[in-house]
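This report describes selected side-chain contacts and one surface feature. The sequence and structure are shown first.

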Amino acid sequence: MKHAFPILGVLTALLLSYALYGALIKAPTEQTMGDVQRIFYYHVPSAWTAFILFFINFGASVVYLIKRRPAADIVALVSAEVGVVFCTVVLITGPIWARPVWGIWWTWDMRLTSTLVLWLIYVSYLFLRRFSSSGQTPLLAAALAVLGALCVPFVYFSIWFFRTQHPQPVMGGGGSIDPRMLHVLLINWLAFSCFAFLVCWSRYRLEKLQRDVDQAHALESLLDPRGSVR
Amino acid sequence: MKMSGNPYLFAAYAVTWIIHIVYLSTIVSRYSRLKREIEELKKPGVRS
């Protein structure tokens, strides 16, 4: 178990390198968009990873609301934070791809707007966690997370229900994709999922340590006869 | 495929890794700050 993290780290680095090779060299060039279409191999896996992390945040928040387990609260916080990082990647790589293909950086269509709203919800969640000092913060954050999670399926299915400039989904959208492209896409998704898992793991350990230190500080100030806090 | 020939592709990949590296560096700096705090807590008789 002690060596699990470095071993997983090395494997993930190898997988990410192979995924990058696949995205830039192995995958065939798309006929209409050319090389710029390769942004797809970073944009789409980042979006899927963000969605999964937001669902983990939802599950952990529900567990916290029911059982009040601190570990569930930490999982919720960590998954939201890493999810926001991946969602930021989606919101930046999307416009970079859109500019040469659509001729514009951004359009207020349903997919793009709902993704921005989703990002804002989870950024608000993180602000709430960071700046509220109330003892009820984890509870309020868990309630916000449950509401935020409702937005995730809306973002995913928005391109089915509304007319939008955004392309149809790769999976289950009725379109077709070259098997070599699909292979590279799935490799990139696997690589980014492993990377997200490792980051979440590190962040979980950090948060747990932070809480232990905060508890030690609180105990120390209680035991101090002068009651002074540095 | 020449990445330098497509500035948009290069920008998208570079931005992705810059975001991840910046986030990872915040985790590392928070971890080292916490380690210093733990060392301080372990010092005997600091407050006496």
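The sections below cover aromatic contacts, salt bridges and a surface patch in a predicted model.

## Aromatic pairs

Over all chains, the structure holds 19 aromatic pairs. One of them joins A:Phe40 and A:Tyr41, an edge-to-face pair with 5.1 Å centre to centre and 75° between the planes. A:Phe40 and A:Tyr41 are both buried.

A:Phe51 and A:Tyr156 form another pair; their ring centres are 6.4 Å apart and their planes stand at 80°, so this pair is also edge-to-face. A:Phe51 belongs to helix H2 (residues 40–67) of chain A and A:Tyr156 to helix H6 of chain A, so the contact ties together parts that are 105 residues apart in sequence. A:Phe51 has a relative accessible area of 14% and is buried, because the limit for buried is under 20%. A:Tyr156, at 22%, is partly exposed.

## Aromatic cluster and a charge over a ring

One aromatic cluster takes in residues of chains A and B: A:Tyr42, A:Phe86, A:Phe192, A:Phe195, B:Tyr13 and B:Trp17.

Elsewhere, an aromatic ring meets a charge. A:Arg205 has its charged end over the ring of A:Phe5, at 4.9 Å from the ring centre.

## Salt bridges

Side chains of opposite charge can pair when their charged atoms come close. Seven salt bridges are found over all chains. Among them is the bridge between A:Arg38 and A:Asp35, with an N to O distance of 3.1 Å. A:Arg38 is buried, at 2% relative accessibility.

A:Arg203 and A:Glu207 are both buried, with A:Glu207 at 9% relative accessibility. A:Arg211 counts as partly exposed, at 26%. Through shared partners, salt bridges join A:Asp73, A:Glu81, A:Arg129, A:Arg203, A:Glu207 and A:Arg211 into one network.

## Nonpolar surface patch

A nonpolar patch on the surface is formed by A:Phe154, A:Phe157, A:Trp160, A:Phe161 and A:Phe162, which together have about 510 Å² of accessible area.

A:Phe162 is partly exposed, with a relative accessible area of 34%.

Notes
Residues are numbered from 1 along each chain as its sequence is written. Chains are lettered from A and ligands numbered from 1 in the order in which they are written. This is a predicted model: local features need pLDDT of at least 70, side-chain atom pairs count only at pLDDT 80 or more; totals for chains, interfaces and linings use all residues. Side-chain values use heavy atoms; hydrogens and water are left out. Patches are made of residues with over 30% relative accessible area and no salt bridge: like charges are joined within 9 Å, nonpolar side chains (Val, Leu, Ile, Met, Phe, Trp, Tyr) within 5 Å. Accessible areas come from the Shrake-Rupley method with a 1.4 Å probe; for residues, only the protein chains shown count as cover. A salt bridge is a side-chain nitrogen of Lys or Arg within 4 Å of a carboxyl oxygen of Asp or Glu. Buried means under 20% relative accessible area, exposed over 50%, partly exposed in between (1.4 Å probe, protein chains only). Rings of Phe, Tyr and Trp (its six-membered ring) pair if their centres lie within 6.5 Å; planes under 30 degrees apart count as stacked, over 60 as edge-to-face and the rest as tilted. Helices (H or I, at least four residues) and strands (E, at least two) are DSSP runs, numbered from the N terminus. A charge sits over a ring if NZ of Lys or CZ of Arg is within 6 Å of the ring centre and within 35 degrees of the ring normal.
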